[in-house]
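Take the sequence and the fold together, and follow the chain from its ligands to its helix packing.

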Amino acid sequence: MAKIYYKQDADLTHLQGKTVAIIGYGSQGHAHAQNLRDSGVKVIIGLRPGKSWDQAEQDGFDVFTVDEAAKRAQVIQILLPDELQKQVYEEQIKDHLNEGDALFFAHGFNIHFEQIIPPSNVDVVLAAPKGPGHLVRRVFVEGFGVPALIAVQQDATGKAKDLALAYAQGIGATRAGVLETTFKEETETDLFGEQAVLCGGVSELVKNGFQTLLEAGYQPEIAYFECMHELKLIVDLMYEKGLTGMRDSISNTAEYGDYVSGPRVIGDASRQAMKDVLTDIQNGTFAKKFIAENEQGRPWFAEKRKQEQSQELEQVGAKLREMMVWVESK
Ligand SMILES: NC(=O)C1=CN([C@@H]2O[C@H](COP(=O)(O)OP(=O)(O)OC[C@H]3O[C@@H](n4cnc5c(N)ncnc54)[C@H](OP(=O)(O)O)[C@@H]3O)[C@@H](O)[C@H]2O)C=CC1
Ligand SMILES: CC[C@](O)(C(C)=O)C(=O)O
Ligand SMILES: [Mg+2]
Ligand SMILES: [Mg+2]
């Protein structure tokens, strides 16, 4: 079982007298920066000129180029898109690392797959909230926190875990609970979860369900409601009450069908495919492909994104969501 830390295990004074540079001010960046500042930590932001820079200034932060922010800080949290971290680190951060500084991440990809190899005299730490940045900020303002993972890859100072816990305290995570992991475990399980279940798995399940009904002659709008729209209802129930709670809320017909047909759709073949996906993650095949795709300017990725955006499911969904005044993006 994972070791879990709470408020009493963390001490914010480990961040006292230090400047924390949050590099990036997107989903995670804005939340870490604002929560740490509200916790009394000295925070500056490192960015390139653009939308995020303007937003961070509007939110009252001192904003610098990444280079300048890295120079001024002793704790540097890299909250850039994973595929850009290596280049920004090499060009603007690396040379400003001093003995005893700490390099933080919210996802272990670049450390685990050795895209970034920090010098041995700095701490290398993970502090990764288990939720999107906007939730991390909202829940903090409401007086609570989103659980987070911490890990220490390199403990140059002998205080890396104390610093990780102090940071987790600053972003509000110890109010909920902080689980200890490793960069390897966080990276591999995060990639597996998003590929096999949360993003890849669910998207394909929805698309194939929709397509099966269309091919059988049903109306696309009805197929959309049944295979996509109602997903939120079910996921909300799972999120709040687990599978048992979800099954308590649906009809007995649905629950019986769940037990009878679920394993027919996701059975041995899917489990084998999941194992293969995990193997590709563990042996670096996925990382190698993703890195190469980015180095080549993402031709396949861009084409795939275009195809996915123009599929019938998306067109039908956009039209139906117009009917739903309560849907947030409207
Ligand atoms: N999103 C999430 O919920 C979660 C993300 N993570 C991890 O957190 C990290 C950050 O992800 P996320 O918050 O989603 O990222 P976002 O895409 O939301 O934000 C990226 C930020 O980086 C800035 N940026 C991009 N390129 C550069 C550059 N060359 N120089 C300086 N700044 C730049 C962007 O600014 P600009 O406006 O200029 O583009 C933006 O502020 C990743 O490691 C991710 O895996 C971990 C847990 C959950
Ligand atoms: C589920 C996707 C995620 O891993 C996340 C928000 O945790 C990501 O990389 O965006
Ligand atoms: Mg994740
Ligand atoms: Mg992820």
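Which residues come nearest to ligand 1? The model is predicted, and in it Gly 24, Gly 26, Gln 28, Ser 52 and His 107 come nearest, out of 23 residues around this ligand. Helices contribute to the shell. Helix 1 (27-38), helix 2 (51-58) and helix 4 (82-93) each supply at least two of its residues. By class, the shell around ligand 1 holds 11 nonpolar, 9 polar and 3 charged residues.

Ligand 2 has its own surroundings. Pro 132, Asp 190, Glu 194, Leu 198 and Cys 199 surround this ligand. Three classes are counted here too: 3 nonpolar residues, no polar ones and 2 charged ones.

Now step back to the domains. The assignment for the protein chain gives domain 1 as 4-181 and domain 2 as 194-323. The C-alpha centres of domain 1 and domain 2 are 32 Å apart.

Next comes helix packing. Two packed helices are described by the angle between their axes and the distance between the axes. Start with helix 8, which covers residues 183-198. What angle does helix 8 make with helix 9? The two axes cross at roughly 10 degrees and come within 3 Å. Helix 9 spans residues 200-215. An angle under 35 degrees counts as roughly parallel, so helix 8 is roughly parallel to helix 9. On the helix 8 side, the contact uses Gln 195, Ala 196, Val 197 and Leu 198. Gly 200, Gly 201 and Val 202 meet them from helix 9. This contact of helix 8 with helix 9 has 4 nonpolar residues, 3 polar ones and no charged ones.

Helix 8 also packs with helix 13, residues 268-282. Their axes come within 10 Å and cross at roughly 140 degrees. Helix 8 and helix 13 are therefore oblique to each other. The crossing of helix 8 and helix 13 is right-handed. Glu 188, Leu 191, Phe 192, Gln 195 and Ala 196 line up from helix 8 in contact with Met 274, Val 277, Leu 278, Ile 281 and Gln 282 of helix 13. The residues of this contact divide into 7 nonpolar, 2 polar and 1 charged.

Follow the chain on to helix 9 and its packing with helix 10, residues 220-229. The angle between helix 9 and helix 10 is about 145 degrees, and their axes are 9 Å apart. Helix 9 passes helix 10 in a right-handed crossing. From helix 9 come Val 206, Gly 209, Phe 210, Leu 213 and Leu 214. They meet Pro 220, Ala 223, Tyr 224, Glu 226, Cys 227 and Met 228 in helix 10. By class, the contact of helix 9 with helix 10 has 9 nonpolar, 1 polar and 1 charged residues.

Conventions:
Residues are numbered from 1 along each chain as its sequence is written. Chains are lettered from A and ligands numbered from 1 in the order in which they are written. This is a predicted model: local features need pLDDT of at least 70, side-chain atom pairs count only at pLDDT 80 or more; totals for chains, interfaces and linings use all residues. A residue is near a molecule or strand if its C-beta atom, placed from the backbone, lies within 6 Å of it. Ala, Val, Leu, Ile, Met, Phe, Trp, Tyr, Cys and Pro count as nonpolar, Asp, Glu, Lys and Arg as charged, and the others, Gly among them, as polar. Domain bounds come from an automatic or database domain assignment. Axes are lines fitted to C-alpha atoms, for helices over the stretch in contact, and angles run from 0 to 180 degrees between N-to-C directions. Helices (H or I, at least four residues) and strands (E, at least two) are DSSP runs, numbered from the N terminus. Angles under 35 degrees count as roughly parallel, over 145 as roughly antiparallel, 65 to 115 as roughly perpendicular and the rest as oblique. A crossing is left-handed if the near helix is turned anticlockwise from the far one by less than a right angle, and right-handed if clockwise. Two residues are in contact if their C-beta atoms, placed from the backbone, lie within 7 Å.
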